[in-house]
Every structure is written in C-alpha cells, then in structure tokens.
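This report describes the fold of one protein chain for a reader who is new to structural work. Please keep the sequence and the structure in view while reading.

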Amino acid sequence: MNKKKKNQLIILFILLLITAAAFGALKVYQKNAPKEEEAKEESYSVLAIDSSQVTDIGLIGSEGTVNLVRAGEGFQCPEDESLAIDGSAVELFLSDVCSITASMKIEDVEDMAQYGLDDPSVNLTLQWDNNMYTVRLGDYNSIISGYYLNINDENTVYVVSSSVYYALDKSPEDFRLTEAEEEGEALPESED
C-alpha cells in the first residue's frame, strides 16, 4: 500500500472515531436531559381582569395609602379632587395588577399567618359594578424567591415573583402628575 492511501485510511479512521464519540455523547446527553414537560415551569393564572372596567382602586402598602376613583376618562383622588392624577401611570398600574400569574399554588391553607397574609405588606382592592377583588401580598420567601399572595380571602396561597410586589407597592406620589407634566398639559401644542 502506498503512503498516500495509508494516510487517507488513517484520516478516515480518525473521522470515524470522532463521529462515534460525538454520537455517544449525544446519546448520553439525551438520556440525562430533562424532558420538555419537566423543564417547563408551571404557571397559574391568579388574576385576569379587564382593567378598563375597574372604577375604584384602594391600596395600602409600605409606601402609603392610595384611593383612586374613575372620573370620566381618567382617575381622581376622592380625598383631594384638585390633585392631578397621571392617567398613564394608573393605566400602567392596572395593566400590571389585573393580570397576575404565579409560579406555585398552595391549596387548602388554614393558617394565613404562616405566609404573612394575616398582616399583609400590600392590600389592594379593585372594584367595578358589583364586583370587588382583594389582593393581599404577604412575606417574601428567599428559598423559593417569591412573595406569597392571596385573592379574596380564599384558602389558596400563590407564590409570585418580586416584580408583582414592585408593581403592587405604590405610593401616592407614583400616581401624581409632576408640575412639569401639569404645565406640559396646560400648554397648547404649537402649530408649525
């Protein structure tokens, strides 16, 4: 056998070994890889409300108390009707809180205190027509990286992400128009 053919056979043999090793590694990976069903994290719909129907918002949180009532196209504060409310901030808040999902659900809970829901860090009420939803946010669990949440005093507790906490816990200042925004609304648009 000449030297050229011998080199070609060696190269082909090496390629065959590499292909076999790759195939074996792929089989081991597939055997140990989690199934798609296992890899997917479960998600529970906690709250799904049409935000455009909400007429009253009551919020008690670490940042203070907020009461807002729908007035025409926007919202106003019943305690101080002269207070300018930022409608887009309210709509953003409603879009966040009217659609909440959870990563975990704990059913048949008898003691809400163990989840911090007897004295919640945030207590939100949303009302319209004859409907009212109460959303309570309890303690943070660092092991599962989530907050405990309860709806309408049901005996189910949900675990939600920190983003839900930050969406819910607002101050009155978060809904007020700033002076610059108020002046900007008062100025007529220039015609070019």
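Predicted model: local features only at pLDDT ≥ 70, side-chain atom pairs only at ≥ 80, totals over all residues.

## Overview of the chain

The protein chain has 192 residues, of which 30% count as buried. Its accessible surface amounts to about 13000 Å², and carbon and sulfur atoms contribute 50% of that area. Among contacts in the protein chain with a separation of 6 or more, 58% are between residues 24 or more positions apart.

## The open sheet

Eight strands make up an open sheet, and their order is β4-β3-β2-β7-β8-β9-β10-β6, with antiparallel pairing. The edges are held by β4 (74-76) and β6 (104-106); each has a single partner strand, so one side of each lacks a neighbour in the sheet. On average, and with direction ignored, neighbouring strands of this sheet are turned by 25° against each other.

Strand β2 illustrates how the pairing works on both of its sides. With strand β3 (residues 64-71), β2 pairs in the antiparallel sense over six bridges, and a hairpin of two residues connects β2 to β3. Within this pairing, Asp56 has Val69 of β3 as its bridge partner. Strand β2 (residues 56-61) also pairs with strand β7 (residues 122-128), again in the antiparallel sense, over five bridges. Here Ile57 has Leu126 in β7 as its bridge partner, while Gly58 stands opposite Thr125 in β7.

In general, side chains in a regular strand alternate between the two faces of the sheet.

## One face of helix α3

Which residues of α3 are buried? They are Ala89, Val90, Phe93, Leu94 and Val97. Viewed down the axis of α3, the buried residues fall within an arc of 135°, so they line one face of the helix. Ser88 and Leu92, on the other side of α3, are exposed.

Ser51 is located in the loop between β1 (44-48) and β2. Its relative accessibility is 18%; because buried means under 20%, Ser51 counts as buried.

## Aromatic pairs

How many aromatic pairs does the chain contain? The count comes to six aromatic pairs. One of the pairs involves Phe93 and Phe175: the ring centres lie 5.3 Å apart and the planes stand at 85°, so the pair is edge-to-face. Phe93 belongs to helix α3 (residues 87-97), whereas Phe175 is in the loop between α4 (162-168) and α5 (179-186); the pair thus links distant parts of the chain, 82 residues apart. Phe93 and Phe175 are both buried.

A contrasting arrangement is found for Tyr147 and Tyr165, whose ring centres are 4.7 Å apart and whose planes meet at 5°, so this pair is stacked. Tyr147 is part of strand β9 (residues 146-151) and Tyr165 is part of helix α4, so the pair ties together parts that are 18 residues apart in sequence. Both Tyr147 and Tyr165 are buried. Ring pairs also join Tyr140, Tyr147, Tyr165 and Tyr166 into a cluster.

## Two loop residues with positive phi

Asp108 has a phi near 55°, a positive value in a residue other than glycine. Asp108 is placed in the loop between β6 and β7. With a relative accessible area of 59%, Asp108 is exposed.

Ser145 has a phi near 50°, which is likewise a positive value in a residue other than glycine. The loop between β8 (131-141) and β9 contains Ser145. Is Ser145 buried, partly exposed or exposed? Its relative accessibility is 46%, so Ser145 counts as partly exposed.

Technical notes:
Residues numbered from 1 in each chain as written. Heavy atoms only, no water. Pairing = 2+ DSSP bridges. Helix = DSSP H or I, 4+ residues; strand = E, 2+ residues; numbered from the N terminus. Axes fitted to C-alpha atoms, helices over the stretch in contact; angles between N-to-C directions. Phe/Tyr/Trp six-rings, centres within 6.5 Å; stacked < 30°, edge-to-face > 60°. Buried < 20%, exposed > 50% of the residue type's maximum accessible area, 1.4 Å probe, protein only. Arc of directions from axis to C-beta. Contact = heavy atoms within 4.5 Å. Areas by Shrake-Rupley, 256 points an atom, 1.4 Å probe, with all protein chains shown as cover.
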